[in-house]
Amino acid sequence: MSDVEHLKEQAGIAACRFVKDGMLLGLGTGSTVRHSIIEIARLITEEGMNLIGVPTSEDTRRLSEELGIPLLKIEDSGTLDLTIDGADEFNHNFDLIKGGGGALTREKVVALKSKSMVVVADHTKKVEVLGAFDLPVEVDSDLWEGAREGLSRICPGQVSLRIKGSEPFETDNHGFILDCSFGPTISDPTSLERAISDIPGVVEVGLFVGICDAVVVASSDGIEELIKSNGRA
Ligand code: 5RP
C-alpha cells in the first residue's frame, strides 16, 4: 500500500469514531471514504451495530451491497444522523471543493439531509484558498455548451468538459461535468456558488459551503481531528 493510500485508510477508519449504534449514515464517494465504508461494514458484522447507509453514488451503492451494509435510497430516507465523505480540497472555514469523482450532486443532497458531515482526507487536501483543484460543476447534458459559455464568463481559466475514454463522462444522474480552472482564487465561495448556480443548465456546484462540521486528516504525524467550533459534530 502506498504512503498516501495508507493515510487515506487511517483517516477513513478514524472518522468512524463519530458513528454510533442505530445511526442512519450518508455514505460518501471516493478512495478515502471507501475505507470508512469498509470500517462501517466491520462495525455491523463484528461489533453488532445496527447501522443503515444512504449511498451517494452507484459505486458506493455497489461497494456497500458487497459488504452487506443495509441501504436506503436517498428519496426514501428522512433526516440522516451523519454523513462521512471525502473532499478534493478544504479550507480553514471547513468549506470544500468536491466532485473529483463526479458524484457532487447526490453528495450534496445527502450531506444537506444530514445532521452533521464529517470529511475524511489526507493532509494534501488542506489549502489556504480554494481553487487549485479544478472546480467540478454538474450540468444538464443537453445544455452543457451554453453552461460552459456562462462559466467561461466567470472563470479566469479553462472550463473543460470532463471526458472518459473518448466520450463525455456521464454522472449517475446522466449529467456532464465541467471542470473549471479558477486557480487558488476562491476567497468568497458563497458568492461564487450563487453566481454559478444562476447559470442556465447548471445542475450543481462542487462548492460545499457551511455544510462540513469536522475534518479527519491523516498525515505522517498521525491523525488530526479538526472540529468546527460552531458546527454540529
Ligand atoms: C466524489 C468526491 C470525492 O469525495 C472526492 O473527489 C475525494 O475523493 P478521494 O478520497 O478519492 O480523493 O467528491 O465526487
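Here are some notes on the ligand site and the domain contact in this predicted model.

1. Ground rules. The model is predicted, so local features need pLDDT of at least 70 and side-chain atom pairs count only at pLDDT 80 or more, while totals for chains, interfaces and linings use all residues. Numbering runs from 1 along each chain as its sequence is written, and side-chain values use heavy atoms, with hydrogens and water left out.

2. Who sits around the ligand. There are 16 residues around it, and Ser31, Thr32, Asp88, Gly99 and Lys125 come nearest (a residue is near if one of its heavy atoms lies within 4 Å). The shell has nine polar, five charged and two nonpolar residues; here Ala, Val, Leu, Ile, Met, Phe, Trp, Tyr, Cys and Pro count as nonpolar, Asp, Glu, Lys and Arg as charged, and the others, Gly among them, as polar.

3. Ligand oxygens. A side-chain N or O atom of lysine 125 is 2.8 Å from a ligand oxygen. As for cover, the protein takes 91% of the 370 Å² of accessible area that the ligand has on its own (Shrake-Rupley method, 1.4 Å probe).

4. Two domains. The assignment (automatic or from a database) gives domain 1 as 3-123 + 209-220 and domain 2 as 135-199. Their centres, taken over C-alpha atoms, are 24 Å apart. Domain 1 puts 14 residues into the contact and domain 2 puts in 13 (heavy atoms within 4.5 Å).

5. The salt bridge. Across that interface the rule finds one (a side-chain nitrogen of Lys or Arg within 4 Å of a carboxyl oxygen of Asp or Glu). Separately listed, glutamate 193 and lysine 108 meet through their side chains in a salt bridge, 2.6 Å from N to O.

Note on methods. A polar contact is a pair of N or O atoms within 3.5 Å; within protein, one must be able to donate a hydrogen and the other to accept it, and residues adjacent in sequence count only if both atoms are side-chain atoms.
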